[in-house]
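Visitor: Good morning. Could you take me through this structure, one topic at a time?
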Amino acid sequence: PLFLTDFFHDISPWGNKRNHGTKVGKRIMAITIWRLCGRAPNSRQLLVTACFLFLFWCLSLYRVTTINQSRESDLLKAEIIRLSENYVRALARENSDIVDGPYAGRFTAYDLKKTIAVLLESMLDRIDHLEAKVNITKLGGLFGLSSNSSQHLNNNVNPAKGIINAEDVINGVTEECALTAEDKQLFPNCEGKVMWMRQMWKSDPCYGAYGVDGSECSFVMYLSEVEGWCPKKAWRGKVQIIPEDTKLIRYANISTDIEELMKVLVDPNERQGYAWIRMRIRRMWPRFSKAMKSLQLKQDMNGRRKKKILVHLGLLSKQSGWKFAESQFKGGPLGELVQWSDLVATLFLLGHQLTITSEAEQLAGILNKLPAANSPCQSRKELPVDIIYTDIVGLRQFKKHVKGGYGKFSCLLRIVDSFGTEPAYNLRSWAKAHKILTTWGGQDLQPQQFFTMFPHSPDNSFMGFVVEQHLNDTNVVKIERRNQALVYGKNEYMWEGKAAYLEVIKSLVEIHGTVYINTEAKNKTHTIPSYVNNHGLLNGEDLHTLLRQSKIFIGLGFPYEGPAPLEAIANGAVFINPKFNPPHSSKNTKFFKGKPTERKFHPYMPYEYTEEGMLQRMNAYIEHQNFCQFQKQPAKWPPNSAVKFILGEKGVSCKDACWAKNLICDPSHFRDINSKESLLENGATCAQSKEITGILYPSFNTVTNECEIQKEEFLFSCVGEHSELQRLCPCRNYIKVQTALCQGCEV
């Protein structure tokens, strides 16, 4: 009993000896338990004991909540101050390069201002008030204020400076986010996006997590800070932007270690999809490395930011059904693999960080790890990738996995597209309305996001490939030219119906071929004439030796294009190909059905197809192309100094109008001249103007004397032409051996 009495003295909240009630309580509990310990308790005694224990607990709880209330409040305040100070320091480090604004989104940093304001305005005296006003967002634990009750500024706000004092913040005052006429002109998509937000901001919780609360101001702030569709000055005012910390920038360093690249080019499965790519890269690596050193001597390659680049070869995936991997050494198409090989080598040499995938499962595994990959909120700052190279098959796989989150990735895409995609086929709504929508078109990307094998149209970006050549190699310079021709066609079906054509050539030269013969096929009639000396499929070195021996490289009309003709020319052979009348196109040839182009085939200049040329061209694209900039502003690249505006003749496309002046149409500058004023300045005599959607504008209508302005910027096109229209064309100069770049654009 004495022990129990001391025990209850220690644990009881009534432990103050001056409190008589405390002593009585202790004594009663001690006596009761002592009695129970003296003999076996019955159920009634247990019930009485339980009642005493329950009464004791209630009194203890009452004592804690009444006597120690002020002490607990002090502790709570001290803890809030401590956590707030830690929170402020963390936010200061994380948001050192972000300006303030009145809504607590993940990137607005206004929660930092609010937290500091609360501390400065004596949080200790106003905790009750702050609990009603401050709301902690679920995403990242950031502070946010709801402005539903305060839609407009009060007299304490200075919109010119974009500043709200601490008292206003606590009282829920918001800053002004009005769009001026200039804002609407510079950001033409802003109003439409705001209208969409009014209806759809509750469609996904991510908008609320970024501080969107249904107010117009929160819409503008989200669309400016997170997605970039609206101007930041509409609410930032004149707040100074803190410059980026240059110490945190990662720079790209030239890398010539091929073994490091091979560690990235690891096959994802037993199909060995990268085998041919690895073989070509190893064979050409000495020339690539030499070209990189040569380029470094010609231009400054320092100070380039290291980009995180995802390369996804959809054509190699099992889901494509094309069996590129299985047929790469059995006569399958290699032109696309040539282009992918050279792209991978170029990106690595330029010093960028590569991730390479080819199967849909690999792509899904990467996307599943990305933060909010399926979220419709288009924040790209949290994405661990700067550029994505893929093809049409890969694009479909990409869309399938990211679904509603596709919007945040779309401007990062670069589509490797052999034949190119013209603007009319690219914009889905236009193509569908004019019944030209194909399975390849309708992607709604910027036309310059499509990277082509040949410079078909200035509307797309010419990526090209490297022509493999051995003219100066010691093992080929002594090879004698023979009176022979090599036929361009490695599959038997390409030779069908060409017997009469080949008979004429046979009378002049000996004919050789490199045709894959499927010896496992039974009862198959072979179409290769008996007089053809067929070598079968050859590796790169043996093929170039054969080309060096031949005087003529004979085309059969199909394949239409590829690396081989340029390789033949590089080895000194003359390339001859049939001319079709009328020219083959998507309107009269099955092969082109569904291809998003009406292009007909004309000669081209093979000057850009060297290792150094591709390195230079791709480096310029990576450094200067930015499809995530939604502000309507004068094009910065190519610079204005390289561009000249020309009013073409009637019925002439901008592509041809520029070329007639020894210039090249540059679609990035169409936006600069899409106005009546620009047409008048360049020779048009229109009295009035109107906006039209199509691929022919801006232009002057010689029949109606009207200036016709482009309404849909996705349809700016260099190739559109009409017999009644004079196109207003942005034309740039070019490097004679690098037509994809203007003079000075290589740096």
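Guide: The conversation below turns to a pair of helices and then to salt bridges. Please keep in mind that this is a predicted model.

Visitor: Let us start with α14 and α25. At what angle do their axes cross?

Guide: The axes of helix α14, residues 275-298, and helix α25, residues 611-624, cross at roughly 55°. They come within 8 Å of each other.

Visitor: How is that orientation described?

Guide: The two helices, α14 and α25, are therefore oblique to each other.

Visitor: Which residues make the contact?

Guide: On the α14 side they are Met284, Arg287, Phe288, Ala291, Met292, Ser294, Leu295 and Lys298. Helix α25 contributes Glu611, Glu612, Leu615 and Gln616.

Visitor: And how many of those contact residues are nonpolar, polar or charged?

Guide: The contact of α14 with α25 has 6 nonpolar, 2 polar and 4 charged residues.

Visitor: Some charged ones, then. What does Lys298 form with Glu612?

Guide: Lys298 and Glu612 form a salt bridge, with their closest N and O atoms 2.7 Å apart. Lys298 belongs to helix α14 and Glu612 to helix α25, so this pair ties together parts that are 314 residues apart in sequence.

Visitor: Is Lys298 buried or exposed?

Guide: Lys298 counts as exposed, because its relative accessibility is 61%. Glu612, in contrast, is buried, with a relative accessible area of 18%.

Visitor: Changing topic: how many salt bridges are there?

Guide: The count comes to 14 salt bridges. One of them joins the side chains of Glu359 and Arg271, at 2.6 Å from N to O.

Visitor: What about Arg671 and Glu713?

Guide: Their side chains also meet in a salt bridge, 2.7 Å from N to O. Arg671 lies in the loop between β15 (664-665) and α27 (676-681), and Glu713 in the loop between β18 (706-710) and β19 (725-732), 42 residues apart.

Visitor: How accessible are Arg671 and Glu713?

Guide: Arg671 is partly exposed, with a relative accessible area of 24%. Glu713 also counts as partly exposed, at 22% relative accessibility.

Terms used:
Residues numbered from 1 in each chain as written. Predicted model: local features only at pLDDT ≥ 70, side-chain atom pairs only at ≥ 80, totals over all residues. Heavy atoms only, no water. Axes fitted to C-alpha atoms, helices over the stretch in contact; angles between N-to-C directions. Helix = DSSP H or I, 4+ residues; strand = E, 2+ residues; numbered from the N terminus. Parallel < 35°, antiparallel > 145°, perpendicular 65-115°, else oblique. Contact = heavy atoms within 4.5 Å. Nonpolar A, V, L, I, M, F, W, Y, C, P; charged D, E, K, R; others polar. Salt bridge = Lys/Arg side-chain N within 4 Å of Asp/Glu carboxyl O. Buried < 20%, exposed > 50% of the residue type's maximum accessible area, 1.4 Å probe, protein only.
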